[in-house]
Amino acid sequence: MLDTQKMTELIDRQRRFFAEVMASRPVADDVRLRDTTLGGIPALEVTIEGTRPRGAALWIHGGAFVAGSPRNALAPAAHVARASGTRVLSIDYRLAPEHPYPAPLDDALAAYRAVLDEVPVDDLAVGGESAGGTLTLALLVAVRDAGLPLPRAAVVFSAASDLTMASESYHTKAAVDPVVTADALQAGFQAYIGGADADRPLVSPLFADLAGLPPTLVQAGSHEVLLGDSTRLASRLAAADVAVTLEITPGMSHVFQARGPELPQAARALESVGRFLRQSLDN
């Protein structure tokens, strides 16, 4: 457990990183952005000029639950929009510690309900990176439990599926992960969890009943401390009879897909995402 001062320092550092570094990552000139709202939740519509989108993907950005926004974490959403040909709707959910669990998940569920009013569920996918992947998985469980129709597919990049931080990769991959540290994640997790238990199913989706969830593509790099959260998640999904595809890219770090076409491994991963979503939405 981190003390309050250490947690605050790490959260401030993450917020600066997203504001200064992530926001500076270029996106192609043909990426079109439009501010909108979904169920009262601010959102950013991401499309590619000159294309006619096929379906929509509700996207949840990363940032360890404490940082980021659809604009300064734009790269993954924009790359998914291009690769899949979908209209991506990235939500600006409330952040911890100002708004701990369940506020971010409540925002995601409100946005999902609103999307259902405008997009046929057969044309809908969901996805997210890092903490956004965590929220994507929790959203699917909440949608199922609420009796709402589930989307056709889900995509998660480097999701933290177990906020108890029990994966061995926190130790075995610490020396090779150039992006994420266990302390930084712990600060975000503590801020997000608040007074909840870390192993609560909607906090740590690894411990949820995953039966009935839609086909899910799980991607991660082999050089990240969250690797074990992806491999364990895929195993749990398979055990629950969910059609799951696990793709681990050797030598890659946390959310490497954000680098897009400039990195061959990211380009191949995004091609796989596009193929998976197109096939899911076309069936």
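User: Let's start with Ala64. Is Ala64 buried or exposed?
Analyst: Ala64 is buried, because its relative accessible area is 5%, and the cut-off for buried is under 20%. Keep in mind that this is a predicted model.

User: Okay, and where is Ala64 found?
Analyst: In the loop between strand E3 (56-60) and H2. Its backbone stands out too: phi of Ala64 is near 55 degrees, a positive value in a residue that isn't glycine.

User: Which other non-glycine residue has a positive phi, of about 50 degrees?
Analyst: Val255 has one. You'll find Val255 in the loop between strand E8 (244-249) and H8. Val255 counts as buried because its relative accessibility is 10%.

User: You mentioned H2. How many residues of H2 are buried?
Analyst: 10 of its 11 residues, so helix H2 (residues 74-84) is mostly covered. Among the buried ones are Leu74, Pro76, His79, Val80 and Ser84.

User: What follows H2?
Analyst: Gly85, with a positive phi near 75 degrees.

User: And at what angle do H2 and H8 pack?
Analyst: H2 and helix H8 (residues 264-282) pack at about 60 degrees, with their axes 8 Å apart. That angle makes H2 oblique to H8. On the H2 side, the contact is made by His79, Val80, Ala83 and Ser84, and on the H8 side by Leu270, Val273, Gly274, Leu277 and Arg278.

User: What's the handedness of the crossing where H2 passes H8?
Analyst: Right-handed.

User: Let's move to H3 and H4. How do their axes cross?
Analyst: Helix H3 (residues 103-116) and helix H4 (residues 131-145) have axes that come within 10 Å and cross at roughly 60 degrees. H3 and H4 are therefore oblique to each other. H3 passes H4 in a right-handed crossing.

User: Which residues of H3 and H4 meet?
Analyst: From H3 you have Pro104, Leu105, Ala108, Leu109 and Tyr112, and they meet Leu135, Ala138, Leu139 and Val143 in H4.

User: New topic, the core. Which residues in the largest nonpolar core touch the most other members?
Analyst: Leu38, Leu58, Ile91, Leu139 and Tyr192, out of 69 residues in that core.

User: What does Tyr192 touch?
Analyst: Leaving out residues up to four places away in sequence, Tyr192's contacts include Phe65, Ala96, Pro100, Tyr101, Leu135 and Val203.

User: Now Ser161. Where is Ser161 found?
Analyst: In the loop between strand E6 (153-157) and helix H5 (169-172). Ser161 is buried, with a relative accessible area of 0%.

User: What lies 2.8 Å from a polar atom of the Ser161 side chain?
Analyst: The backbone oxygen of Asp229. Setting aside residues up to four places away in sequence, Ser161 touches Ser204, Pro205, Leu206, Asp229 and Leu233.

User: Last one: Pro214. Where is the place of Pro214?
Analyst: Pro214 is in the loop between helix H6 (182-193) and strand E7 (216-221). Pro214 is buried, with a relative accessible area of 6%.

User: What does Pro214 touch?
Analyst: Its contacts, not counting residues up to four places away in sequence, are Leu140, Leu150, Pro151, Arg152, Ala153, Val242 and Ala243.

User: And how many residues apart in sequence are Pro214 and Leu10?
Analyst: They're 204 residues apart in sequence, and 35 Å apart in space, C-alpha to C-alpha.

Key. Residues numbered from 1 in each chain as written. Predicted model: local features only at pLDDT ≥ 70, side-chain atom pairs only at ≥ 80, totals over all residues. Heavy atoms only, no water. Helix = DSSP H or I, 4+ residues; strand = E, 2+ residues; numbered from the N terminus. Buried < 20%, exposed > 50% of the residue type's maximum accessible area, 1.4 Å probe, protein only. Polar contact = N/O pair within 3.5 Å; in protein donor to acceptor, adjacent residues only side chain to side chain. Contact = heavy atoms within 4.5 Å. Core = buried A, V, L, I, M, F, W, Y, C linked by side-chain atoms within 4.5 Å. Axes fitted to C-alpha atoms, helices over the stretch in contact; angles between N-to-C directions. Parallel < 35°, antiparallel > 145°, perpendicular 65-115°, else oblique. Left-handed = near helix turned anticlockwise from the far one by under 90°.
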